[in-house]
Amino acid sequence: MLISCSNISKFYQGNQVLNNIALTIENQDRIGLVGNNGCGKSTFLRILMEEELPDAASHLEPIIAKVPHLRIGYLAQNAGLDGSKTVQEEMQDAFRPLLEAQDRMRQLETQMQTGLSESETDEYSRLSTYFENNDGYQTDVLIRTVLFGMGFSETDFTRVISGFSGGEKTRLALCKLLLSKPDLLILDEPTNHLDFQTVGWLETYLKDWKGALLIVSHDRFFLDRLCTSICELEHGILTRYRGNYTAFTHLRAESRERQQREYEAQQREIAKLEDYIARNQTRASTAKSAKSRAKQLEKMERIDRPFSEAKSARLSFTYAITPPIDVLEVKQIDLTVGQGSTQKTLMDGISFTVRRGEKIGIIGENGAGKSTLLRVLRNIIPHKGVVRWAAGTRLGCFEQESESLDPHAKVFDELHGRYPMLSDFEVRSLLGQVRLTGENVFKETGVISGGERAKLCFAILMMEHGNVLLLDEPTNHLDLATKEILEQALAEFDGTILFVSHDRYLLDRLASSLFVLQDGKLERFAGRFSAYQELIRRKTEAEAQTAALEKAKKAEESAKAGFRTKEQRSQMAKLRQEQKQIEQQMDVLQQEETAVQTAMTEEAVCSDYEKMQQLCNRLEEIHQTLDALLERLIKIEMELS
């Protein structure tokens with residue numbers, strides 16, 4: 001056991017958010033924490049971290065027990081870093097105890113010339129053992145491995161953190177946590193702001209994580225691949241289910257159906273007993289029997305009424321003015337940020353046109369300039385070039401981090417202040433439409449959850465009645481139910497949409513074409529996101545095969561030139577033959593991997609837990625085999641080089 005809590009309750013303005021929650025986390029647990037926006041997930045995490053105190057409910061005392069010296073790494077939403085430090089300095093801070101030990105060892109090494117006391121000799125021996133056992137000599141290698149894996153280049157190491165985008169800062173905070181190797185890693189929405197390649201790397205890295213994981217996420221693929229149990233927080237009650245997210249959806253449905261049947265059966269039994277008591281308690285001949293039934297009714301352990309499904313948000317985006325066919329023309333946009341060694345070209349002669357009704361997804365690596373492009377289109381960032389919107393165009397904008405909201409304004413006032421002509425009833429109705437109800441409408445926007453702030457922004461967006469929507473990561477922080485509702489509303493919108501997103505489902509469902517930003521250039525892809533992914537996969541495989549063939553050819557030429565004995569030539573021939581066989585095996589496995597991944601998206605498989613579990617197991621076997629083959633291939637290439 002790493003940590004155990006019980007009787008955890010929390011009240012906000014008289015409403016109970018957490019109701020006597022109990023949870024035990026064992027070493028190597030992989031737990032996903034799910035629930036609707038505002039249900040208290042982040043609050044529960046802050047209580048576990050002792051950043052917030054639980055409330056006492058009735059006579060039960062809140063208990064949080066941890067093993068001694070437990071090291072917890074916590075990635076909160078909008079986690080902060082020291083903006084004045086460079087990336088290298090911030091990452092080294094994860095090894096602070098090791099670096100302090102190293103500094104002390106150097107001091108003692110300097111003193112060795114004049115001699116050390118017995119206690120100083122013992123101290124040096126102890127520090128040296130500690131430094132070696134904790135990979136002190138590998139800190140630079142570990143830093144480079146994690147930073148490269150999370151998509152940073154070597155030139156980023158000396159950049160000051162304040163110059164990075166919000167998504168890049170999230171990745172840096174996660175890198176620092178991974179390097180610190182805590183016993184328990186708590187991640188609150190870790191895939192927000194991450195591109196597809198980085199999410200894949202993170203999934204693989206966490207798959208081999210030695211400690212325990214507690215993850216809050218709305219990414220179904222992420223939860224399915226990593227989690228072995230799911231905890232659902234609903235109406236203040238925490239329920240734990242075994243299995244990944246797919247298993248959880250089936251088990252929850254079965255549990256609710258069973259509880260409903262049991263509740264209805266008990267209610268029928270209660271009705272019969274109450275009817276019998278009412279008819280017989282006044283008659284002398286049956287009064288005793290009625291009294292017995294009454295006692296039976298008093299002793300009965302009542303089954304709670306199952307929670308009814310929460311009402312869904314209702315989103316609808318409309319406009320009154322129809323713009324011309326050619327909505328937007330962009331010509332030769334140039335934009336450079338930073339100065340000196342940190343200077344970076346985000347846009348280099350970008351040009352494109354957008355026609356009415358097009359739905360375009362904007363993708364690219366973090367820091368490529370996706371969010372900046374939307375700001376350029378709104379003419380709120382100075383730039384070279386022309387951005388020309390057609391007459392009659394009305395923009396509706398959704399910002400990634402709800403930056404336009406006043407954190408000190410109440411939700412109700414934020415909306416009413418923008419549209420003072422609305423009556424109080426109309427404001428409450430609009431907020432209710434996006435499921436901001438009750439006391440939540442009188443909370444400050446700075447204290448509500450990220451998902452609730454997003455819903456407020458959608459209410460504002462509906463009131464803007466834009467015929468062109470510019471959306472920056474619209475599904476970040478949203479629960480799964482609200483994501484699906486938003487997807488449907490945007491699909492039904494017949495205006496023009498340009499949106500930045502890392503949400504694979506949203507991109508594939510909504511975008512009819514893509515803008516791909518890379519190295520300051522914009523490439524337009526006419527097709528769905530799944531087709532683009534397939535194109536990139538084939539291109540990557542072709543490049544890898546070409547590189548492998550060239551390397552093999554060079555190795556063969558080098559072997560012919562450099563080895564003279566028959567034994568050496570024979571050994572090299574065997575290695576080349578093994579190399580060829582391994583590459584063929586990897587091709588077959590990669591084809592099977594694609595087939596399995598395709599099968600996992602089929603509706604018949606998604607609704608069948610056993611089939612899905614079999615495919616997940618086979619996919620894991622393929623990955624393990626590919627890793628082993630790749631390791632052997634690298635060794636062979638080293639011998640051939």
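This is a predicted model: local features need pLDDT of at least 70, side-chain atom pairs count only at pLDDT 80 or more; totals for chains, interfaces and linings use all residues.
**Stop 1**

Select strands S5, S6, S7, S3, S8 and S9. Shown in that order, they form an open sheet of six strands with mixed pairing. Now look at the two edges. Strand S5 (72-75) and strand S9 (237-242) stand there. Each has a single partner strand, so one side of each is left without a neighbour in the sheet. On average, neighbouring strands here are turned by 15° against each other, direction ignored.

S5 pairs with strand S6 (residues 184-188) in the parallel sense, over four bridges. Pick Ile-72, and you will find Leu-184 of S6 opposite.

**Stop 2: from H6 into S6**

Step from the helix to the loop between H6 and S6, and select Lys-181. With a relative accessible area of 40%, Lys-181 is partly exposed.

A second residue of this kind sits in strand S1 (residues 3-12): select Asn-7. Asn-7 is not a glycine, yet phi is positive there, at about 60°.

**Stop 3: Cys-39**

Go to the loop between strand S3 (30-34) and helix H1 (41-48), and select Cys-39. Is Cys-39 buried or exposed? Its relative accessible area is 14%, so Cys-39 is buried; the cut-off for that class is under 20%.

Show the surroundings. Setting aside neighbours within four places in sequence, Cys-39 is in contact with Val-17, Leu-18 and Leu-233. Draw a distance from Cys-39 to Val-17, C-alpha to C-alpha. The separation is 6.7 Å, for two residues 22 apart along the chain.

**Stop 4: salt bridges**

Switch to side chains. The count of salt bridges comes to 33. Three of them are visited here.

- Select Glu-52 and Arg-46. Their side chains meet in a salt bridge, at 2.9 Å from N to O. Glu-52 is buried, with a relative accessible area of 16%. Arg-46 is partly exposed, at 27%.
- Select Arg-96 and Asp-93. The closest N and O atoms of this salt bridge are 3.3 Å apart. Both residues are partly exposed: Arg-96 has a relative accessible area of 32%, and Asp-93 has 24%.
- Select Glu-399 and Arg-378. This salt bridge has an N to O distance of 3.5 Å. Glu-399 lies in the loop between strand S14 (395-398) and helix H12 (411-418). Arg-378 lies in the loop between helix H11 (370-377) and strand S13 (384-389). The pair therefore ties together parts that are 21 residues apart in sequence. Arg-378 is partly exposed, at 29% relative accessibility.

**Stop 5**

Select S14, S15, S16, S12, S17 and S18. This is an open sheet of six strands in that order, again with mixed pairing. Which strands stand at the edges? They are S14 and strand S18 (521-525). Each has a single partner strand, so one side of each has no neighbour in the sheet.

Strand S17 (residues 513-518) and S18 run antiparallel, joined by five bridges. Select Phe-515 and look across to S18: Arg-524 stands opposite.

**Stop 6: a nonpolar patch**

Select Leu-630, Ile-634 and Met-638. Together they make a nonpolar surface patch of about 300 Å². Leu-630 lies in helix H20 (residues 609-640). With a relative accessible area of 40%, Leu-630 is partly exposed.

Conventions
Residues are numbered from 1 along each chain as its sequence is written. Side-chain values use heavy atoms; hydrogens and water are left out. Buried means under 20% relative accessible area, exposed over 50%, partly exposed in between (1.4 Å probe, protein chains only). Contact means heavy atoms within 4.5 Å. Two strands pair if DSSP finds at least two bridges between them. Axes are lines fitted to C-alpha atoms, for helices over the stretch in contact, and angles run from 0 to 180 degrees between N-to-C directions. Patches are made of residues with over 30% relative accessible area and no salt bridge: like charges are joined within 9 Å, nonpolar side chains (Val, Leu, Ile, Met, Phe, Trp, Tyr) within 5 Å. Accessible areas come from the Shrake-Rupley method with a 1.4 Å probe; for residues, only the protein chains shown count as cover. A salt bridge is a side-chain nitrogen of Lys or Arg within 4 Å of a carboxyl oxygen of Asp or Glu.
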